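This report is for a reader who meets the structure for the first time. Please keep the sequence and the 3D view at hand while reading.

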Amino acid sequence: MATCISTNAQTKLADDYKGSGYNNPISANIFCADPTALEYNGRLYVYGSNDHQEFVANGKKGDNTYGSIKSIVVFSTDDMVNWTFHGTIDTKRLCSTWVSNPWYVGYGVSWAPSVTWRHNDENGKDEFFLYFCNSSHGVGVLTAESPIGPWKSPNNQLMVTYDTPGANKAGTNANFDPGVTIDENGVGWLSFGGLGPSTIMPDAARIIKLKSNMTEVDGSAVMIHAPYHFEANELNVIGGKYVYTYCSNWAGRDATEWNDYKSEHPTSANAPGGGTMCYMVSDNPLDPDSWEFKGYYGPGVGGNNHSHLQKFQGKYYHIYHNHGDILLNAMKKAGAVDASAGDYRSICVNQADVNEQTATVNPVTLNTEGVTQIKNLNPYEWQQAETMASCGGVEYEDFTNIKKNPKISQLGNDASQNMQVNMKAGSWINVRKVDFGTNGAIKFTLRAKGMGTMQLRNGTSPRTTIASIEFSSTEMTEQTIDLPAGKMKGVKNNLYLVANDATDFYVDAWQFTAYDPTGIEEVVSSQKVKQQRYDLSGRQLSHSNNHRGIVIEQYTDENGVKHSRKVVSCKE
């Protein structure tokens, strides 16, 4: 049964670990790190190491040792503030046949992805390539035809190993933290390497050309003489130049050593501090002497740094992970995790200042405010429940996998369109800058199952309840309520969906219906709609009247699928 009655009886809300109004980190409930990104069809997709998998495996206590990270998280956005969680890419399962490969030491571990895509004119398909490292022992690759998969392994071993010509050798430096780019001629390049000696010139950074299939290396890797190189390799092409970024080490900065380096490289910038994000520029990536050190753009974050420079909708962004973690500290303060928990990281975004003409990247300011929302959210389109700027007390599940195996971890599923949100009493979802337009909304539809009461609230904090839906269904169904006149107009800076009470309550998506002053309202896109009306006592009504009651709508959509839903009339 659904109702539009507003109520002040409110369950205690789950804690807000992200902080009201903050846009960093991008997720309020998932620890993730080592970000990479791509733009596709108007959306920015961000991928990262799944620190949350280690967090859960450790019982939410102790330090992050990274050993249980065997999957990659996927988020996307079209406005830079409201992020959709798409689940995880299970690299251990996808590469399970590699267990006999001698280089797949630490089998199942996957860190620091790098991703790119291209349109293949020969087969007419969009192709996506995701590179990841197996601990520090080498680089693997996955392929897909969409940014969220399904992914597959085109090889039966790591693409880069200790045996790769020009790569780092076993027992010396590492072959990890890949960074990929496709240049303006359609040629793919991959950087990798790290953990060299703590000196001014560790000589652990490498770059290698990729074959046209993007899943095999072409020739030998060459060294990039990157000063104070540590790890976190990424590549971009900016203004026709190759831009290589990396995290610096914590070796002592000896002035004499740096002056010697500057005498050989007179155009180099000043020496970077420890743990900063540095960059180099080249016109010829396979010429080690062509790389010019340009300085640092990302300040230190208290530990190993990792970032990606990404252009999206005409602006550049510095996507990075935070070590002095906002979420973890807030959880500790609230007593939600053990005080021993440490080094669980979160992905953040701040705007970058990039001059494309000179391939120059200016230092970025890091803050919790994050970036400005670049477009308003459209409430008249279906919005997935996993789309949020912040949240409290929610969990994610892939309902297709849960149906097959209810024991699957909430963060152990494949990246998928089939995600749903598990909401307990007091849990909530927050989306920002929701544009209801001049005429406003007159209806709200929720697709969910289970038992619960979902409240719509707005304001700077989730206090003002506009309307509620009471839900009771064993199947995923849609229910609609009328909204109080004039309440949902203009741009709402904050909209909250709050589970005031809930039992096995799963939410898939939601949508508003706009008021049409012409009186013509298109409720659903369907071929045939049949309605039957009942009053609140369950008596069938033979004709339209002003009684407050329930409308049962049955319709067949354009694909021939039959649907039914309950619609509440709020008329007295």
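Thr-445, with a relative accessibility of 2%, counts as buried, where buried means under 20% relative accessible area, exposed over 50% and partly exposed in between, computed with a 1.4 Å probe on protein chains only. The model is a predicted one, in which local features need pLDDT of at least 70 and side-chain atom pairs count only at pLDDT 80 or more, whereas totals for chains, interfaces and linings use all residues. Residues are numbered from 1 along each chain as its sequence is written, and side-chain values use heavy atoms, with hydrogens and water left out.

Thr-445 belongs to strand β24, residues 441-458; helices (H or I, at least four residues) and strands (E, at least two) are DSSP runs numbered from the N terminus. Thr-480 is 35 residues away from Thr-445 in sequence, yet the C-alpha atoms of the two are 4.2 Å apart in space. Their side chains make a polar contact at 2.7 Å, a term for a pair of N or O atoms within 3.5 Å in which, within protein, one must be able to donate a hydrogen and the other to accept it, while residues adjacent in sequence count only if both atoms are side-chain atoms.

In the largest nonpolar core, which has 51 residues, Phe-444, Leu-446 and Phe-512 touch the most other members. Strand β26 (residues 491-514) supplies the largest share of this core, 7 residues. Such a core is a set of buried Ala, Val, Leu, Ile, Met, Phe, Trp, Tyr and Cys residues joined through side-chain atoms within 4.5 Å. Apart from its neighbours within four places in sequence, Leu-446 is in contact (heavy atoms within 4.5 Å) with residues including Met-454, Phe-471, Val-507 and Trp-510. A second, separate core has 19 residues, among them Ile-207, Ala-226, Tyr-228 and Tyr-242.

Tyr-228 is also one of the contacts of Asn-249, when neighbours within four places in sequence are left aside. Asn-249 sits in the loop between β13 (241-248) and α3 (255-264), and with a relative accessible area of 3% it is buried. A polar atom of the Asn-249 side chain lies 3.1 Å from the backbone oxygen of Thr-199.

Elsewhere, an open sheet of 5 strands runs in the order β1-β2-β3-β4-β21 with antiparallel pairing, and its edge strands, β1 (33-40) and β21 (387-388), each pair on one side only. Two strands pair if DSSP finds at least two bridges between them; β2 (residues 43-49) and β3 (residues 72-77) pair over 6 bridges, with Phe-75 of β3 as the bridge partner of Val-46.

The whole structure holds 12 salt bridges, each a side-chain nitrogen of Lys or Arg within 4 Å of a carboxyl oxygen of Asp or Glu. The table gives some of them.

| Salt bridge | Closest N and O atoms |
|---|---|
| Arg-345 and Asp-34 | 3.7 Å |
| Asp-78 and Lys-375 | 3.4 Å |
| Glu-356 and Lys-311 | 2.8 Å |

Arg-345, at 2% relative accessibility, counts as buried, and Asp-34, with a relative accessible area of 6%, is buried too. By contrast, Asp-78 is partly exposed at 23%, and Lys-375 is partly exposed at 41%. Glu-356, with a relative accessible area of 30%, is partly exposed, and Lys-311 counts as partly exposed at 34% relative accessibility. Salt bridges that share partners join Asp-34, Asp-51 and Arg-345 into one network.
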